[in-house]
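Visitor: I've never looked at this protein before. Could you walk me through it, one question at a time?

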Amino acid sequence: MGPLYTIEHSAEEPVSPRVLLHHFDGAMDAGHAGALAIEQLLMTLPHERMATFDVDTLVDYRARRPIMTYATHTYESAVMPELALDLVQDDEGEDLLVLHGAEPDFRWNEFVGAVTHLVVSMGVSRAVGMTGLPLATPHTRPTYVHHHGNRPELLPDQPDFFGRVEVPGSMSAFLELRLGQAGLDSRGLSAGIPHYVARDDYPAGAAALLAAVSASTGLALPVGDLEAAASINRAEIDAEAAGQPEVAAVVSALEAQYDAVAPVSSTELAHLVDVPSADEIGARLEAFLEAAEADDAWRLDNRQEE
């Protein structure tokens, strides 16, 4: 079996990133908040490839079949998954690492070991994962970002939403755990996405994630494009809600619930989002993942019919 990754950055060009940001496609990401945040960074900031992982050994193509384009009598192309580590410069020229792409299906321990070796050898001291979490919050209010990590004393004051709960594992969560055990300040950020738009792009969630990363790491990250997109997205949701009384009623009820405890304290915020029990959280997460897999299969069937 060949190497798990290939280094693509010259050893003669030393780098000194202190922060790793990571997000993987495939696990729960309500509003595509984590994916949009990564996309924003790679679209707007200078970057180069540091390492590429061998997806042939990490990804189950039959579980997540690559999309192929068929036209008339010919297959024209196939979009294969990628898993890469990029070196990015923030708006002030500081180096950071961004790990992104398909969530591995296989060899989790080896993959995490390889990532740990790479980032520690380059001097990274903090890692931050980003994702979206569906919550009972309105789109007309600021996006709440929940912080978690291996050093609770360094996290901002916030309620203990979930207590102790067992949930299906994700690579982002597993990496957060293992990097923390390796001695890094390892954190995760979960943006609260209104549950009624959880399957659609929600740029306000991505903007909130990047703003929280900037606040916790000191990195200068661009959010202007996402904030502009969020304004357009809000107007579209408002227009759709105005035409559907039942949706407007849900939004109004969530607004009243939110405003009843504003300004929000750490204790009061736990009631704001109507957090379910531990068993409900696990069940909802499993249902979300199953629905996402069903959506992928539906899209593939439709493309084949077309």
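Visitor: At what angle do helix H1 and helix H5 pack?

Guide: This is a predicted model, so keep that in mind throughout. Look for H1 at residues 33-44 and H5 at residues 203-217. Their axes are 8 Å apart, and the packing angle is about 65°.

Visitor: Is H1 roughly parallel or roughly perpendicular to H5?

Guide: Angles from 65 to 115 degrees count as roughly perpendicular. With an angle of about 65°, H1 is therefore, relative to H5, roughly perpendicular.

Visitor: Is the crossing of H1 and H5 left-handed or right-handed, and how many nonpolar residues does the contact have?

Guide: The crossing of these two helices, H1 and H5, is right-handed. On the H1 side you'll find Ala33, Gly34, Leu36, Ala37, Gln40 and Leu41, and they meet Pro203, Gly205, Ala206, Leu209 and Leu210 in H5. Sorted by class, the contact of H1 with H5 has no charged residues, three polar ones, and a nonpolar count of eight.

Visitor: Gln40 was on that list. Is Gln40 buried or exposed?

Guide: Gln40 sits in helix H1. Beyond its neighbours within four places in sequence, Gln40 is in contact with Leu210, Pro222, Val223, Asp225 and Leu226. Buried means under 20% relative accessible area. Gln40 has 5% relative accessibility, so the word for it is buried.

Visitor: Now H5 and helix H6: are they roughly parallel or roughly antiparallel?

Guide: H6 covers residues 224-242, and its axis is 8 Å from that of H5. The angle between them is about 150°, and anything over 145 degrees counts as roughly antiparallel. So H5 and H6 are roughly antiparallel.

Visitor: Which residues of H6 make the contact with H5?

Guide: The crossing of H5 and H6 is left-handed. H5 brings Pro203, Ala204, Ala206, Ala207 and Leu210 to the contact, and H6 answers with Leu226, Glu227, Ala229, Ala230 and Asn233. By class, the residues of this contact are eight nonpolar, one polar and one charged. To come back to your question, the H6 residues are Leu226, Glu227, Ala229, Ala230 and Asn233.

Visitor: Let's move to helix H4. Which helix do the buried residues of H4 pack against?

Guide: H4 runs over residues 171-181, and its buried residues are Met171, Ser172, Phe174, Leu175, Glu176, Leu179 and Gly180. They pack against strands E2, E7, E8, E9 and E10. The helix they pack against is H3, residues 108-121.

Visitor: Which residue with a positive phi follows H4?

Guide: Head for what comes after the helix. There, a phi near 105° turns up, and the residue that has it is Gly183.

Visitor: Is Ser172 buried or exposed?

Guide: Ser172 lies in helix H4. Leaving out neighbours within four places in sequence, Ser172 is in contact with His22, Phe24 and Gly129. Its C-alpha atom is 8.3 Å from that of Gly188, which is 16 residues away along the chain. At 18% relative accessibility, Ser172 therefore counts as buried.

Visitor: And Glu94: how far is its C-alpha atom from that of Arg18?

Guide: Glu94 is in the loop between strand E6 and E7, and with 26% relative accessibility it counts as partly exposed. Setting aside residues up to four places away in sequence, Glu94 touches Arg18, Val88, Gln89 and Leu219. Glu94 and Arg18 are 76 residues apart along the chain, while their C-alpha atoms are separated by 9.0 Å.

Visitor: What is the phi of Thr72, and what is the phi of Arg107?

Guide: Most residues other than glycine have a negative phi. Thr72 is in the loop between strand E4 and strand E5 and is exposed, at a relative accessible area of 64%. Arg107 is in the loop between E7 and H3. Both values are positive: near 60° for Thr72, and for Arg107 near 55°.

Visitor: Stepping back, what share of the residues in the protein chain is buried?

Guide: The protein chain holds nine helices and 10 strands. Its accessible surface is about 15800 Å², with 52% of that belonging to carbon and sulfur atoms. Out of 306 residues, the buried share is 44%.

Technical notes
Residues numbered from 1 in each chain as written. Predicted model: local features only at pLDDT ≥ 70, side-chain atom pairs only at ≥ 80, totals over all residues. Heavy atoms only, no water. Axes fitted to C-alpha atoms, helices over the stretch in contact; angles between N-to-C directions. Helix = DSSP H or I, 4+ residues; strand = E, 2+ residues; numbered from the N terminus. Parallel < 35°, antiparallel > 145°, perpendicular 65-115°, else oblique. Left-handed = near helix turned anticlockwise from the far one by under 90°. Contact = heavy atoms within 4.5 Å. Nonpolar A, V, L, I, M, F, W, Y, C, P; charged D, E, K, R; others polar. Buried < 20%, exposed > 50% of the residue type's maximum accessible area, 1.4 Å probe, protein only. Areas by Shrake-Rupley, 256 points an atom, 1.4 Å probe, with all protein chains shown as cover.
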